[in-house]
Amino acid sequence: MDGIKIQEKVYKGYAIAARKIGLIYSQYRSATAIQPIVVGNRISTTFYASFNVSWDYMKSSKYGNAVFQCVADGRVLQVGDYLVGQGKTSFIIGMENLLPILSVECNAIATIQRPTQLTTKGSVGYVGYVAGNSTTLPTNSTVIMQDVPISILENGRGMANPNKLPMDSEWGRWLVLMPYLGSVQIKVADVIKIGTDLYTVDSNELTDFGWRIRAKRVTV
Amino acid sequence: MADLSDVMVALDSLVTSYVYPNGTSQPSVAGVDITILQGWPIPAALDTALDNGTAVISIYPTMVSREMGMFLREWQISSVAVPTLTAAVVNNTITIGGTVTLPQAVMAVVNNIGYSYRAVLGDTLATIATNLAALIPNATAVGTVITITSVHTLRTSIIVAAVRSMEVNRMDQFFWLIIHAPTNDIRNAIGRVLNAQFSYLISFPLADNTVAMNWVVKDDITDQLEETRLYKRTLQLKIQYPITITQNTNTLGDVYVNSLEIQHGPS
């Protein structure tokens with residue numbers, strides 16, 4: 001028996017376990033970073049999965065944790081797949097050989113914009129992040145990811161709001177986890193928009209798990 | 001109306017003319033494309049510009065400014081529209097000519113008394129003549145010609161829109177011209193020209209025809225970001241500029257009437 005066959009057996013075992021203890025989810029696989037959770041990307045509506053933070057099912061998750069082990073049929077699962085159902089959305093971040101399948105539970109849907117500007121020669125007038133409004137894109141910005149479920153959790157102390165209004169609160173630091181979709185590269189200073197809240201990317205780490213991003217929330 | 005933002009626009013225009021002395025269709029003084037902007041460059045775009053070997057010049061006011069105290073508060077003419085109507089006097093006739101555009105008024109000063117008709121939408125040269133003649137005693141209009149009897153003095157003027165401005169404050173403010181260049185050579189080529197040109201420049205006009213004064217007070221370079229291909233040079237200018245308010249008004253049609261009132265008072 002070789003590693004591949006053992007892996008096959010492990011995933012088959014996961015599949016049997018998921019049937020016994022799991023719940024039903026819809027499985028989405030998107031080739032792009034634009035609206036991954038749409039019917040066209042849905043490859044199953046009867047995908048069984050069970051999530052845990054310990055194999056003995058004796059521990060609950062806690063604040064600040066987004067990573068769960070996933071018991072599911074790994075033979076039909078890929079890193080980057082979304083599982084949607086039971087009131088939650090998760091994406092698969094790790095399927096290493098013989099190791100538990102890892103997933104991240106989402107708590108927000110984000111659109112990521114890349115502010116840019118004209119760089120033609122000569123005068124281009126005023127330049128800045130001209131934010132637009134809820135329906136229009138900021139001037140000269142491009143959407144690089146749209147309506148992508150992500151995990152965004154508080155991550156340490158923030159910085160003082162430079163606006164310094166009497167009722168200002170600090171700009172909090174956040175840890176964003178999202179899958180690596182459509183080969184889209186997230187850069188420092190990209191803008192993450194969740195509803196009307198804006199976050200700017202301070203660091204961008206891409207690993208086999210997908211993107212781990214440190215961002216700060218910016219408010220007036 | 002002049003203020004801080006007008007100074008930025010004027011500096012933008014000056015910088016562009018200095019680094020592109022022959023226009024943007026010809027090479028810049030540094031031989032590479034240069035983007036000039038007011039505000040601050042967007043990081044991703046600046047990165048791309050530097051990567052492409054091009055330069056960016058950003059213009060922004062510093063936080064250092066002070067008001068300059070005493071100044072004379074008086075209205076000055078900023079601009080006067082060019083009349084498109086004519087009112088030619090020959091003996092005791094006035095011929096209305098030209099083209100009708102609004103706002104304009106035709107004034108006839110007959111025997112030292114002024115009569116003015118303001119053209120309205122739909123007026124033609126003939127209706128202007130008719131309406132003006134209706135205001136003047138002993139006047140009749142045929143077509144575009146008004147004939148007046150019992151005239152011993154007759155002259156006309158066209159009243160047009162004008163804008164006047166008043167200086168209400170004067171500021172000394174420092175502005176940054178920041179050169180973001182991909183190499184030391186490009187930075188030097190741009191900085192050399194900008195320092196020389198702005199040092200030579202004593203004053204420059206603002207959009208409302210007021211004048212700003214100019215001094216180069218600092219010229220710094222920094223290589224701290226050279227690992228990111230960013231070679232910066234910062235020129236600091238001291239600009240003294242007026243804060244003005246403007247008012248829409250009209251040109252004066254008949255000074256003589258006013259002067260009579262000044263001499264004798266209104267009846």
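# A tour of the predicted model

Arg173(A), Asp202(A) and Lys216(A) are joined by salt bridges into a network. The model is a predicted one, so every stop below is a place in a prediction.

**Stop 1: the network in chain A**

Lys216(A) belongs to strand β13 (residues 210–218) of chain A and Asp202(A) to strand β12 of chain A, so the bridge ties together parts 14 residues apart in sequence. Colour the two by accessibility: Lys216(A) is buried at 16%, because the limit for buried is under 20% relative accessible area. Asp202(A), at 28%, is partly exposed.

**Stop 2: a second bridge in chain A**

Next select Arg114(A) and Asp190(A). These two form a salt bridge whose closest N and O atoms are 2.7 Å apart. Where in the chain do Arg114(A) and Asp190(A) lie? Arg114(A) is in strand β7 (residues 108–114), while Asp190(A) is in the loop between β10 (173–178) and β11 (191–194); the partners are 76 residues apart, so the pair links distant parts of chain A.

**Stop 3: chain A as a whole**

Zoom out to chain A in cartoon view. Its secondary structure consists of one helix and 13 strands, and the helix comes at the start of the order, counted from the N terminus. Along the principal axes, the C-alpha atoms of chain A fill a box of roughly 70 × 40 × 30 Å. Of the 220 residues in chain A, 42% are buried.

**Stop 4: a nonpolar patch**

Switch to a surface view and select Ile21(A), Trp55(A) and Tyr57(A). Together these residues make a nonpolar surface patch of about 290 Å². To find Tyr57(A) in the cartoon, look in the loop between β2 (42–52) and β3 (67–72) of chain A. Tyr57(A) is partly exposed, with a relative accessible area of 36%.

**Stop 5: the largest pocket**

Select Val188(A), Ala189(A), Ile42(B), Pro43(B) and Ala44(B). Of the 21 residues that line the largest pocket, these lie nearest its centre. Two elements give two or more residues to that lining: β12 (197–207) of chain A and α2 (43–51) of chain B. Which element gives the most? It is α2(B), with six residues. The pocket has a volume of about 570 Å³. By residue type, its lining has 14 nonpolar, three polar and four charged residues.

**Stop 6**

Asp51(B) is in helix α2, and Arg229(B) is in the loop between β12 (211–222) and β13 of chain B; 178 residues separate the partners, and the pair links distant parts of the chain. Asp51(B) is exposed at 56% relative accessibility, whereas Arg229(B) is partly exposed at 31%. Over all chains, the whole structure has 17 salt bridges.

**Stop 7: the second largest pocket**

Now select Glu74(B), Gln76(B), Ser165(B), Glu167(B) and Thr210(B). They lie nearest the centre of the second largest pocket, which is lined by 16 residues. Strands β3 (75–80), β10 (154–181) and β13 (231–250) of chain B each give two or more residues to this lining, and β10(B) gives the largest share, four residues. The space in this pocket comes to about 210 Å³. Its lining divides into six nonpolar, six polar and four charged residues.

**Stop 8: backbone details in chain B**

Select Leu102(B) and Pro103(B): the peptide bond between them is cis, with omega near -5°. Pro103(B) lies in the loop between β5 (93–98) and β6 (104–110).

Move to Asn138(B), which is not a glycine but has a positive phi of about 60°. Asn138(B) sits in the loop between α3 (125–135) and β8 (139–142) of chain B.

Then select Ser150(B), where phi is also positive, near 55°. Ser150(B) is in the loop between β9 (145–148) and β10 of chain B, and is exposed, with a relative accessible area of 61%.

How values were computed: Residues numbered from 1 in each chain as written. Chains lettered and ligands numbered in written order. Predicted model: local features only at pLDDT ≥ 70, side-chain atom pairs only at ≥ 80, totals over all residues. Heavy atoms only, no water. 1 Å grid on protein atoms, 1.4 Å probe; cavity = no way out; pocket = protein on both sides within 12 Å on 5 of 7 lines; lining within 4 Å. Points joined across faces, edges and corners; volume = space filled by probe spheres on them. Nonpolar A, V, L, I, M, F, W, Y, C, P; charged D, E, K, R; others polar. Patch = residues over 30% accessible without salt bridge, like charges linked within 9 Å, V, L, I, M, F, W, Y side chains within 5 Å. Areas by Shrake-Rupley, 256 points an atom, 1.4 Å probe, with all protein chains shown as cover. Salt bridge = Lys/Arg side-chain N within 4 Å of Asp/Glu carboxyl O. Buried < 20%, exposed > 50% of the residue type's maximum accessible area, 1.4 Å probe, protein only.
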